[in-house]
Amino acid sequence: MTFQDLNLNTPLYNAIEDLGFESPTPIQAEAFNVVASGKDVVGIAQTGTGKTFAYMLPILRHLKYSRQDNPRVLVLVPTRELVVQVVEEIEKMSKYINNRVLGVYGGTNINTQKQAVAQGQDIIVATPGRLYDLAVSRVLQLKSIQRLVIDEVDVMLDLGFRHQLMNIFDILPPRRQNIMFSATMTQDVDELITDFFINPTKISIAVSGTPLENIKQQRYDVPNFYTKVNLLEHLLQDKDEFSRVLIFVAYKKMADRLFDQLEELFPGDSCVIHSNKTQNYRLRSIEQFSEGEHRLLVATDVMARGLDIDDVSHVINFDTPDYPENYMHRIGRTGRAEKEGNALLFSTEKEQEARERIEALMDMKIETIDIPEDVEISTELIEEERPQIREHNNPIKRRSDEVGPAFHEKKEKNKKENLGGSYRREIAKKYKKPKTRGDKNYNRRNKKRK
Ligand code: AMP
């Protein structure tokens, strides 16, 4: 496919030619007509695939020149770096178009941004917090937004922006197009789509189910968290074989929990990255790992996305990812540059279905290895593994229509219902509702307010 095959206009076409792009990337080719159609869209694409142009080209193609001051396109991104980057990309595309683009993010003077907003804009690129502050201040009017793009949704939700997104959805016009891009599919992303998108079209460059041949894949059936830790301890004792190990877990609480265990077992040997760690901390961890200062790195799927580390001897899937694509992304971190790589998968009973989905995607079975004899099988369970206590199934609790085990009648004086003082009752009868003259607290509350 070429750019001529897309329904571009001359100004866009010329801008692309100036940039020297030869042909649309797969995600661009796939997204163009869908985004242009105005339907809700969910795109799964990683950074570097040309995703920004994928959603922005069709939007710019259909953004008519307007003198109105209120923006018509809103792009939400998780970080200020990304605000800057997206604005730059839009400006490159808009070289021959007369449109107004503004990036806003927190940590900078809001008044300068208010002035810029007040000058009138067509497209706003923003981090959620600052966007909301500007909207609440009423300087930024969102009533004309026709298209909402949320980029890197997975990172955004991982950073805890869900609540902020909800607030923004509340003040956006309900009739709008929702476009969202995410690099990884997670439970959080899935929920957001179900809750707020209307029958979205999903586009993604299919993750290849064909793993690199130079990655050796094996798996263990392990009953629970602590046995997984014991197995990990056993394996990691061989420091020559397990020389640089990337350990994946699904969520941050688990990452911290596992990191604590590893710190006890192999002090000073490991580091961790997830979204509750500061960016500096994450960068330092990655550096220490790639330079060999730390042998073990524990990471969540979302945070490990941008990792570019050579010579990873093993990828260990401490849990079995729900989405088989995540497994493909995880194991792709080893066996790079033609080198031999190793991937291990730990699965509990509950995780067997997810394991089967992975095998189905790859169309192959992963070789199973027995847990070595000297690995202790733990019976201790972590919070998430314990059976959930559901109140409605609680056999001890009575159902409301059953008669309780009362063994004597109430005494006569205790049978009376408390109707309040007699004065109250009289007044209530007279005025149909309770009324007292001097409610001290009421008066006090009102006095304070004045
Ligand atoms: P992104 O995935 O949006 O972060 O884009 C990654 C990089 O690819 C950016 O620097 C874009 O300028 C560049 N790019 C986007 N589309 C194309 C294309 N069709 N051909 C070549 N480079 C592209």
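This is a predicted model: local features need pLDDT of at least 70, side-chain atom pairs count only at pLDDT 80 or more; totals for chains, interfaces and linings use all residues.
Student: How many aromatic pairs does the count give?

Tutor: The count comes to 7 aromatic pairs.

Student: Why is the pair of Phe 169 and Phe 196 called tilted?

Tutor: The ring planes of Phe 169 and Phe 196 stand at 55°, with the centres 4.9 Å apart. Planes under 30 degrees apart would count as stacked and those over 60 as edge-to-face, so the pair is tilted. Phe 169 belongs to helix α8 (residues 162–171) and Phe 196 to helix α9 (residues 187–196), 27 residues apart.

Student: What makes Phe 169 buried?

Tutor: Its relative accessible area is 7%, and buried means under 20%; Phe 169 is therefore buried.

Student: Why is Phe 196 called partly exposed?

Tutor: Phe 196 has a relative accessible area of 28%. Buried requires under 20% and exposed over 50%, so Phe 196 is partly exposed.

Student: What makes the pair of Tyr 220 and Phe 346 edge-to-face?

Tutor: The planes of Tyr 220 and Phe 346 lie at 90° and the centres are 5.8 Å apart. Edge-to-face applies over 60 degrees, so this pair is edge-to-face. Tyr 220 lies in strand β8 (residues 215–221) and Phe 346 in strand β13 (residues 341–347), so the pair ties together parts 126 residues apart in sequence.

Student: Why does Phe 346 count as buried?

Tutor: The relative accessibility of Phe 346 is 0%, and the cut-off for buried is under 20%, so Phe 346 counts as buried.

Student: Which residues do ring pairs link into a cluster?

Tutor: The cluster consists of Tyr 220, Phe 225, Tyr 226, Phe 318 and Phe 346.

How values were computed. Residues are numbered from 1 along each chain as its sequence is written. Side-chain values use heavy atoms; hydrogens and water are left out. Rings of Phe, Tyr and Trp (its six-membered ring) pair if their centres lie within 6.5 Å; planes under 30 degrees apart count as stacked, over 60 as edge-to-face and the rest as tilted. Helices (H or I, at least four residues) and strands (E, at least two) are DSSP runs, numbered from the N terminus. Buried means under 20% relative accessible area, exposed over 50%, partly exposed in between (1.4 Å probe, protein chains only).
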